[in-house]
There are 4 protein chains.
Amino acid sequence: MNVQAPFFQTGATVAYGGPESRSPLSFRWYDKDRIVRGKRMEDHLRFAVCYWHSLCWPGGDPFGGETFLRPWQHGDDAMAMARAKADVAFELFRLLDVPFFTFHDVDAAPEGATLKESVANLNAIADLFEQKMASAKVRLLWGTANLFSHRRYMAGAATNPDPDVFTYAAGQVRAALEVTHRLGGQNYVLWGGREGYETLLNTDMKRELDQLGRFVSLVVEHKHKIGFKGPLLIEPKPKEPTKHQYDFDVATCYGFLRRYDLLDDVKLNIEQNHAILAGHSFQHEIMLAQALGVFGSLDINRGDDLLGWDTDQFAMNVPELVLAFHEILKGGGFTTGGLNFDAKIRRQSIDPDDLLHAHVGSMDACARALIAADEMLEAGALTAPLAQRYAGWDGEEGRAILAGRRSLAALADRAVEGGLDPQPRSGRQEYLESVVNRYV
Amino acid sequence: MNVQAPFFQTGATVAYGGPESRSPLSFRWYDKDRIVRGKRMEDHLRFAVCYWHSLCWPGGDPFGGETFLRPWQHGDDAMAMARAKADVAFELFRLLDVPFFTFHDVDAAPEGATLKESVANLNAIADLFEQKMASAKVRLLWGTANLFSHRRYMAGAATNPDPDVFTYAAGQVRAALEVTHRLGGQNYVLWGGREGYETLLNTDMKRELDQLGRFVSLVVEHKHKIGFKGPLLIEPKPKEPTKHQYDFDVATCYGFLRRYDLLDDVKLNIEQNHAILAGHSFQHEIMLAQALGVFGSLDINRGDDLLGWDTDQFAMNVPELVLAFHEILKGGGFTTGGLNFDAKIRRQSIDPDDLLHAHVGSMDACARALIAADEMLEAGALTAPLAQRYAGWDGEEGRAILAGRRSLAALADRAVEGGLDPQPRSGRQEYLESVVNRYV
Amino acid sequence: MNVQAPFFQTGATVAYGGPESRSPLSFRWYDKDRIVRGKRMEDHLRFAVCYWHSLCWPGGDPFGGETFLRPWQHGDDAMAMARAKADVAFELFRLLDVPFFTFHDVDAAPEGATLKESVANLNAIADLFEQKMASAKVRLLWGTANLFSHRRYMAGAATNPDPDVFTYAAGQVRAALEVTHRLGGQNYVLWGGREGYETLLNTDMKRELDQLGRFVSLVVEHKHKIGFKGPLLIEPKPKEPTKHQYDFDVATCYGFLRRYDLLDDVKLNIEQNHAILAGHSFQHEIMLAQALGVFGSLDINRGDDLLGWDTDQFAMNVPELVLAFHEILKGGGFTTGGLNFDAKIRRQSIDPDDLLHAHVGSMDACARALIAADEMLEAGALTAPLAQRYAGWDGEEGRAILAGRRSLAALADRAVEGGLDPQPRSGRQEYLESVVNRYV
Amino acid sequence: MNVQAPFFQTGATVAYGGPESRSPLSFRWYDKDRIVRGKRMEDHLRFAVCYWHSLCWPGGDPFGGETFLRPWQHGDDAMAMARAKADVAFELFRLLDVPFFTFHDVDAAPEGATLKESVANLNAIADLFEQKMASAKVRLLWGTANLFSHRRYMAGAATNPDPDVFTYAAGQVRAALEVTHRLGGQNYVLWGGREGYETLLNTDMKRELDQLGRFVSLVVEHKHKIGFKGPLLIEPKPKEPTKHQYDFDVATCYGFLRRYDLLDDVKLNIEQNHAILAGHSFQHEIMLAQALGVFGSLDINRGDDLLGWDTDQFAMNVPELVLAFHEILKGGGFTTGGLNFDAKIRRQSIDPDDLLHAHVGSMDACARALIAADEMLEAGALTAPLAQRYAGWDGEEGRAILAGRRSLAALADRAVEGGLDPQPRSGRQEYLESVVNRYV
């Protein structure tokens with residue numbers, strides 16, 4: 001291992017330079033102290049850098065190996081490498097001036113020969129994180145445990161046909177949850193990467209759903225026991241690595257949480273790329289989660305609409321982000337959640353500074369979108385026509401129907417005998433699309 | 001209108017001819033009285049011909065008009081045309097010897113100038129149906145109302161921004177439900193063809209979900225009021241005609257039914273083509289519906305895996321049907337449900353007999369699949385390996401975990417302190433696929 | 001028929017109002033006389049209104065009927081209706097101040113009882129168009145014949161298994177081509193809407209490709225014979241209405257044109273929605289067509305990335321349009337081609353002015369994109385890094401390789417014996433994405 | 001490294017046991033000496049085991065690591081591991097009794113510190129292969145070079161922006177081609193795994209296509225120079241690992257081969273999973289390749305229709321295979337090509353015998369399909385209706401049109417003046433689907 005210090009060419013924290021700034025490593029829109037709807041921009045966006053993509057992923061894909069050759073990933077002493085990685089990580093957090101980070105247990109600390117050793121490694125790195133966080137701005141948005149990479153989890157963790165694997169997973173999660181608690185994490189995430197199936201020929205879906213319900217319930221109980229105040233977050237994803245994942249999308253997760261009576265303690269961590277893999281827009285998933293009361297946090301990234309796998313690209317698509325932020329702001333913004341960069345630079349982006357360009361570009365795109373969304377809300381650009389469109393339901397008859405004060409027969413009588421002949425009104429889609437374009 | 005009698009070239013009811021039969025209008029596998037798992041094949045499969053595709057669709061698509069030129073669709077007297085259509089319909093039912101049919105209100109009877117007139121038309125045709133059914137074998141699997149074709153429903157029926165449209169829909173549904181009841185229908189279907197949105201820019205999803213919940217609740221109340229014993233069925237479909245439909249898939253519908261407390265009265269009508277549009281296999285949707293206790297009935301058809309719209313082809317794909325029937329039989333088969341041919345002949349299949357070939361071919365494919373599924377179940381081809389795979393969860397510790405008698409901490413202690421190191425076991429997918437091939 | 005004059009609420013031509021304009025019926029970016037790269041914006045963009053979507057489509061979809069209720073589509077006298085439609089069409093062209101329009105034969109004039117009558121109808125309406133064009137600004141970008149809507153074409157026109165259908169199509173195309181020529185059309189389009197197949201079970205692809213090659217060759221010969229100077233344009237589309245269309249995408253069309261030796265006379269008319277249905281970005285198809293020398297014209301619209309059919313929405317997506325225009329400008333812009341609005345307002349957009357809002361919004365989005373693309377080219381934002389990236393191929397060895405002056409053995413020797421060990425360089429994708437965001 | 005001998009539990013070559021055989025490791029349909037259309041079944045199917053999936057892939061995916069723990073992949077002496085792998089490989093070939101195998105350079109022999117060392121390693125393993133082949137039945141279907149896994153190829157090999165990478169690739173290909181020649185390989189494959197792009201922002205498509213054309217031309221020249229008689233095969237794939245691959249599908253490859261004048265020496269290696277990723281059926285790609293004269297060989301596998309990436313599953317889908325073999329037989333069968341199992345067992349299939357079950361099951365499915373396809377051809381089940389459908393084109397007028405003896409004007413005159421009114425005939429799709437079901 002030869003970790004040259006410094007890893008990045010620049011040592012200067014990226015700063016706001018204004019819209020006309022020509023420096024690629026300055027923000028044009030992200031002005032952290034700018035007040036939007038009564039809150040600092042930084043407190044709205046709550047950016048988090050993720051450990052796995054930015055510090056751990058070597059640049060491989062199913063058809064090729066490592067491209068990045070990160071110095072901290074080549075060596076014999078796993079714990080020394082983990083410490084070197086932490087140094088670079090905190091340098092990255094500082095350069096980007098982000099308020100949060102996130103990690104899986106195995107991102108931070110190497111797995112040991114036994115689970116006991118793995119837990120010890122994790123706690124040792126957590127000590128290091130605590131030290132570093134004492135003098136850094138960065139806080140922990142959430143922690144999580146990786147229950148999908150090791151071969152023991154190849155057929156799932158909680159949904160594994162072997163209860164011993166469930167038990168092993170419990171061991172990992174307790175440790176990760178407690179470390180998250182110790183580090184002041186604001187949420188705890190459970191991503192069911194392999195909680196699904198490869199083929200129905202060998203799968204008992206009913207059993208597996210019950211196992212998953214039980215597992216999440218156990219974590220909820222433990223969270224209360226140790227006094228962890230943040231919500232648990234499950235993360236909708238339809239497929240990949242498995243053919244089908246039980247946490248398919250927001251609607252599916254909602255049904256699951258209701259079925260196992262988990263709505264009080266568990267919210268959702270929604271990702272753009274997962275949304276489109278499930279056939280939904282990002283805006284759809286956010287709006288639905290708010291409607292169902294399960295909106296928690298976001299993995300901010302972008303998928304390629306023409307590819308069928310999780311590309312996890314950095315979000316640069318301002319018009320789409322505007323609509324996402326419009327919903328978020330309309331719903332009151334984040335509480336414990338934030339914007340976690342579950343995004344990876346392309347495997348050809350092999351220069352250290354590519355990591356900076358990617359984060360800076362995406363933070364700026366988000367900031368640009370936040371400003372536009374705020375302006376749209378202020379002007380009632382979409383909200384005013386919306387209220388007008390549904391005005392009938394706020395009238396007396398509309399409210400009576402929704403309140404259950406009309407029977408089917410009563411309504412039918414009014415329609416049939418009353419000669420009702422409602423006329424459609426324009427949906428004005430193109431007009432509204434033009435309106436949005438005015439703000440982007 | 002010039003309805004030549006007879007419409008079909010043959011007047012002979014299609015009969016079982018055995019696997020070696022060379023006649024294209026005989027069944028090779030569908031032997032209605034053959035006993036499978038203690039029940040007649042006809043009572044297992046419960047085939048229904050649908051009115052809309054087979055009697056009403058003129059062969060048009062978004063880029064071209066009518067191709068079929070059905071005689072009963074060209075004329076000035078709408079009610080006379082409807083009666084002529086009914087004649088051909090019952091002839092078709094007789095030729096195919098099917099036990100059931102299904103229809104929308106507007107398939108059977110023309111819309112009038114007012115809703116009152118439409119209801120009167122429907123009741124007049126229902127009288128005709130009653131007469132015909134008195135001397136025919138065919139019964140009504142389910143009825144339904146078309147709440148999506150008329151321009152008044154362009155922005156939804158129950159989810160329309162205008163409560164008057166909701167009310168109008170109530171008028172149609174009451175009539176259709178009561179006619180279904182009168183004709184002895186075994187279920188009543190609510191397909192939310194436009195209960196969704198075209199753009200989120202003009203959509204309040206929370207309001208619309210609440211409207212939809214209210215509407216279905218009203219129908220449930222009315223069903224009890226009039227003594228209709230069959231279940232209501234909602235039908236998952238992810239999109240088309242709308243960009244997004246609220247009844248996206250089985251999991252989504254389950255969450256909806258739970259949210260609005262409708263699980264006791266409403267089940268699902270699952271369709272293969274809708275399943276794949278949602279990113280699921282047919283087998284998945286059936287297995288999940290059974291796991292969640294919402295399995296009701298099937299729209300049997302087939303989509304094209306390479307096309308992104310609802311092609312509604314006749315199901316001819318035996319290997320896939322085998323897996324579907326394996327789940328159905330494993331779950332005990334249909335109660336009030338059946339196999340409704342929500343399938344349309346291609347628009348180039350313009351000969352009257354193409355209607356017969358399509359139904360006969362698909363009935364045979366289903367029968368072939370039923371037999372194979374039964375053989376697989378008898379042999380435990382898939383069920384035995386499945387039981388073995390999950391055996392651990394039937395052991396003492398597995399049951400204790402699922403019953404809530406283990407805390408996360410207790411499990412974690414066992415994993416960490418006990419040095420647990422569970423070893424993965426082969427999922428044997430290729431072996432199981434080969435096994436299935438032995439039965440097809 | 002009751003065509004109230006005027007159809008649109010406004011009688012004023014839409015004008016440029018500047019970026020801060022608040023009027024929804026003014027252009028904020030489209031300033032037709034603004035000079036971009038030495039040419040008026042109007043001469044760059046060459047907008048055309050299409051007859052079929054904007055004047056003929058009644059708002060139906062596969063699950064519902066007419067929503068628009070256009071007055072000129074309800075009546076008994078087909079030719080009178082066609083004339084009324086032309087009045088509204090030319091009013092629309094005037095209001096939008098577009099330089100071009102486009103039409104199919106059957107959009108403009110009704111089909112007669114015989115082909116002879118159809119041709120006569122077309123010529124009569126062409127007379128009317130000539131009159132109107134004499135005093136209007138609008139010119140004809142291209143004409144075409146509809147060879148896909150009538151049931152005679154259900155199995156294709158040129159690729160029909162019946163040579164009489166091929167012959168009938170020849171009759172239609174001759175008339176449409178000659179009318180296009182008479183009206184000064186700058187191109188002639190052949191869209192093979194049903195030149196493909198529904199099932200391979202009844203298809204001889206080799207025969208059909210040869211038939212199609214022959215048909216296009218015949219049109220080429222006739223074009224020369226009558227002195228029509230513009231190119232023929234074929235239009236890539238992968239599917240819909242057919243399961244597979246022979247003009248799948250740009251690459252497929254190129255191979256077809258080469259196979260039948262048509263490259264000199266035929267270019268491509270590329271559409272965004274068709275591109276994404278084929279799995280390509282719009283930018284990809286444009287760049288590829290330019291690389292292969294077959295770039296002709298564009299159908300400007302937008303598909304929904306999450307839907308699998310041709311939604312033909314108005315293009316409002318500025319960031320994507322910027323990349324398209326960047327390629328177009330880089331390649332020198334249009335010659336005979338232009339931007340044809342092959343886009344339809346949503347079926348819920350039932351107000352006459354929705355037609356205006358849609359066109360104005362999309363024209364503005366294109367103008368905004370043109371300006372940004374021009375700025376990017378001026379700054380070399382993408383072109384400078386590109387040149388640098390491939391600089392090696394402009395060196396001596398690179399040129400020698402491409403010129404065929406190096407054998408495989410010679411290169412291999414240099415690699416093996418020379419100990420060649422080329423090092424990868426960053427692809428800088430995220431940086432470039434950020435750069436593009438600066439211009440949008 | 002601890003390669004226990006034997007790796008597989010069985011030492012007995014898998015034999016034909018007949019349709020009723022209950023042994024999972026016997027063939028029910030694959031009877032290698034059975035004569036079908038005058039040729040032994042083995043000579044029809046020409047099965048090849050591939051080295052990479054079956055011997056080299058460790059079971060990893062983008063979300064998890066190795067699951068298989070093959071003994072020959074854990075050790076320090078790379079060449080010793082390669083030899084141990086070869087032992088298991090030839091044992092697998094013997095057990096399956098396959099006539100062919102295939103490999104990439106890096107599958108067989110480890111990369112060295114320099115290209116020179118890599119080439120030496122390859123030649124040493126080729127020596128070992130020669131020895132083993134002397135006493136084995138197995139022959140080499142084709143060899144190839146891996147130009148996509150190493151980071152030097154991250155931006156392509158022939159299409160790399162750096163000509164030195166092109167040159168390095170030339171070094172690898174010369175060695176692999178010469179080894180293939182030495183071992184009696186019947187074809188040589190060039191798969192352009194990274195010959196495409198990740199983003200158009202940094203891509204000059206025209207340059208890259210020219211580079212690729214040059215590269216293939218160089219290999220053609222070298223093939224002739226060394227006297228290699230077999231064809232080169234390029235392999236259509238639309239995407240993955242890259243966003244877009246230049247060898248998108250059969251039609252695209254055809255256009256490429258024509259553009260660079262390579263049709264005489266290069267054919268296509270078509271894969272089912274690649275076909276569906278491009279939006280085509282396997283049958284389509286085969287039929288098209290035959291129509292265009294570029295049919296070469298097949299990678300036999302199966303993708304998951306609901307997943308957007310290359311799952312490379314073993315082909316078990318008999319009905320689809322029947323249609324593929326129907327085309328292959330109709331076209332005269334393979335010449336130098338064959339059926340290469342470019343298929344990998346699922347990562348949960350961790351038992352050694354899973355490798356056997358997968359191959360045996362798929363070989364049997366292919367054999368079953370070959371028999372059915374032959375029966376269909378013998379009966380003219382599809383070919384007779386096909387000939388009838390296009391009979392008009394074999395008539396005098398049809399032939400005159402195709403031969404260029406009719407002008408557009410002449411045809412148009414006949415249509416217009418002759419009052420032509422061709423009537424459509426049924427496409428009979430459902431009938432034909434039923435017919436196919438009789439043979440499966």
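What rotation superposes chain B on chain A? In this predicted model, in which local features require pLDDT of at least 70, side-chain atom pairs count only at pLDDT 80 or more, and totals for chains, interfaces and linings use all residues, a rotation of 180° with 0.0 Å of shift along its axis does so, with an RMSD of 0.0 Å. Residues are numbered from 1 along each chain as its sequence is written, while chains are lettered from A and ligands numbered from 1 in the order in which they are written.

The superposition of copies is by least squares on the C-alpha atoms of residues with pLDDT of at least 70 in both. Among the residues of chain B, B:Gly255 comes closest to the rotation axis, its C-alpha lying at 2.0 Å. The same surface serves both copies, as 99% of the contact residues of chain B recur in chain A; two residues are in contact, or touch, if their C-beta atoms, placed from the backbone, lie within 7 Å.

Chain C is likewise superposed on chain A by a rotation of 180° with 0.0 Å of shift along the axis, at an RMSD of 0.0 Å. These two copies are thus related as by a two-fold rotation axis. For this pair, 100% of the contact residues of chain C recur in chain A, and the same surface therefore serves both copies. The residue of chain C that comes closest to the rotation axis is C:Asp305, at 3.0 Å for its C-alpha.

The contact between chains C and A involves 34 residues of chain C and 34 residues of chain A. On the side of chain C that touches chain A, at least two residues are supplied by each of α11 (318–330), α12 (352–379) and α16 (429–439). The largest share, six residues, comes from α16(C). Helices (H or I, at least four residues) and strands (E, at least two) are DSSP runs, numbered from the N terminus.

Not counting residues up to four places away in sequence, C:Ile350 touches A:Pro424 and A:Ser426, together with C:Gly59, C:Thr67 and C:Phe68. C:Ile350 and C:Thr67 are 283 residues apart in sequence, yet their C-alpha atoms are 6.8 Å apart in space. C:Ile350 is buried, with 21 other C-beta atoms within 10 Å. A residue is termed buried if 20 or more other C-beta atoms, placed from the backbone, lie within 10 Å of its own, exposed if 12 or fewer, and partly exposed in between.

Within chain A, the domain assignment gives domain 1 (15–379) and domain 2 (384–437); such bounds come from an automatic or database domain assignment. The centres of these two domains, taken over C-alpha atoms, are separated by 40 Å.

According to an unreviewed UniProt entry, the feature "binding site" is placed at A:Glu235, A:Glu271, A:Asp299 and A:Asp342. These residues are spread over 108 residues of sequence but cluster in space, the largest C-alpha distance being 11.9 Å. UniProt positions follow the numbering used here, feature names are shortened, and annotations may be inferred rather than shown by experiment. A:Glu271 lies in strand β12 (residues 266–271) of chain A and is buried, with 27 C-beta neighbours inside 10 Å. Beyond four places in sequence, A:Glu271 touches A:Glu235, A:Asp299, A:Asn301 and A:Asp342. A:Asp342 is situated in the loop between β14 (339–341) and α12 (352–379) of chain A, and its 24 C-beta neighbours inside 10 Å also make A:Asp342 buried. Among the residues touched by A:Asp342 are A:Cys50, A:His53 and A:Asp312.

The UniProt annotation "active site", again from an unreviewed entry, covers A:His104 and A:Asp107. A:His104 is found in strand β6 (residues 100–104), and A:Asp107 in helix α4 (residues 105–108). A:His104 is buried, with 22 other C-beta atoms within 10 Å; A:Asp107 is buried, with 23 C-beta neighbours inside 10 Å. Leaving aside neighbours within four places in sequence, A:His104 is in contact with A:Trp52, A:Thr144, A:Ala145 and A:Asn146.
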